[in-house]
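Hello,

Here is the structure I promised to pass on to you. Please have a look at it first, and my notes follow below.

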Amino acid sequence: MTRWGILATGNIAAAFAADLRLAPGAELVAVGSRTRESAEEFARRHDAPRAYASWAELAADPDLDAIYVATPHAAHHEAALTCLAGGKAVLVEKPCTLDLPTTTALVETARARGLFLMEAMWMRTNPLILRVLELISDGAIGEVTHVRADFGAAGPFPPEHRMRNPALGGGALLDLGVYPLSVAHLVLGAPQHVQAWAKLSPEGVDENTGMVLGWDSGAVATLSCGMVGATAITASITGTTGRIDLPEPFFRPGSAVLHRLGAEPETIPADLTGGGYQYEAIEVGRCLAAGLTESPLVPHAATLEIMTLIDDIKARIGVSYA
């Protein structure tokens, strides 16, 4: 049994709480927020026995095994540190923090304390995505030569919205771009070459961003993210002998289509339930039961490599966070 706490009470926290019911051996025990009213209202809606009016109180609950950090990006570092200080395993929403130095500090803190830490990149625990990776590893499409992925939201977002607020880690890159970057990294690892361009908002966050990544193998990735128009939110992975297409939304697809040279397309169905967040909770529970302090599906190295890439892109497009 994995006894869970949820830190924060927004939409993503609610989605995780709903899917937690679908994770065998998982139990929602408590929720914590910066206000008692918010915590108690969330606890009522999701049948959590306890509600706390501070992060520290949640982290100190002796009955919790793991805490899911669901705050806005800018608070991930502080919130996760609070949970680690309380001796809890931590699943922290992506991106892990706003930059590489604070992500590195979080990883080092978890390692020093012997505590489990995982970035909540739920796509990496999705059974269909894992099946796609198996197919690629087995040579179904030959050597990978190109990854294409996009994630654009329609907006428009008012100036006060968190997506446009630098103080909250706003912008398309951190919120949406992390998904195209992650699918490219899943397939090809860290790139050796990076180019990027973006249109910035009046507040200084990226509204529309294009990224081209290159590998010494000759493979390339063409990726985009934005909050000025709804894109297809699809991905394709092309190899020397075929292609795999992931339909909308590519990070939680209902199926995948395998195109082998000279053969009819094969549809690979997804036998998924709920919203898909339960798979990351299941992975945390599996790792804790095995005594692991990091997940082989979402290892620290991958989190650090992607944050290195995000920092590189931020510098190229002129985005910085105080």
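By class, the second largest pocket is lined by 5 nonpolar, 5 polar and 1 charged residues. In this scheme Ala, Val, Leu, Ile, Met, Phe, Trp, Tyr, Cys and Pro count as nonpolar, Asp, Glu, Lys and Arg as charged, and the others, Gly among them, as polar. The model is predicted: local features need pLDDT of at least 70 and side-chain atom pairs count only at pLDDT 80 or more, while totals for chains, interfaces and linings use all residues. Residues are numbered from 1 along each chain as its sequence is written, and side-chain values use heavy atoms, with hydrogens and water left out.

That second largest pocket holds about 170 Å³ of space, and its lining includes Ser 33, Arg 34, Trp 55 and Leu 168. A pocket here is an open set of points on a 1 Å grid over the protein atoms alone where a 1.4 Å probe fits, with protein on both sides within 12 Å along at least five of seven lines; lining residues have an atom within 4 Å of a point. The volume is the space filled by probe spheres set on the points, which are joined across faces, edges and corners.

The largest pocket has a volume of about 580 Å³. Of its 22 lining residues, Asn 11, Ile 12, Lys 94, Arg 162 and Asp 175 are the closest to its centre. Helix H1 (11–20) and helix H7 (172–188) are the elements that give two or more residues to this lining, and H7 provides the largest share, 3 residues. Helices (H or I, at least four residues) and strands (E, at least two) are DSSP runs numbered from the N terminus. The lining divides into 12 nonpolar, 6 polar and 4 charged residues.

Where does the largest pocket lie? Domain 1 (2–120) and domain 2 (127–269) both give residues to its lining, so the pocket lies between them. These bounds come from an automatic or database domain assignment.

Strand E11 (residues 235–239) is also worth a look. E11 pairs in the antiparallel sense with strand E7 (residues 144–152) over 5 bridges, where His 146 has Thr 238 as its bridge partner. Two strands pair if DSSP finds at least two bridges between them. E11 also pairs with strand E12 (residues 242–246), again antiparallel over 5 bridges, and a hairpin of 2 residues joins E11 to E12.

Best wishes
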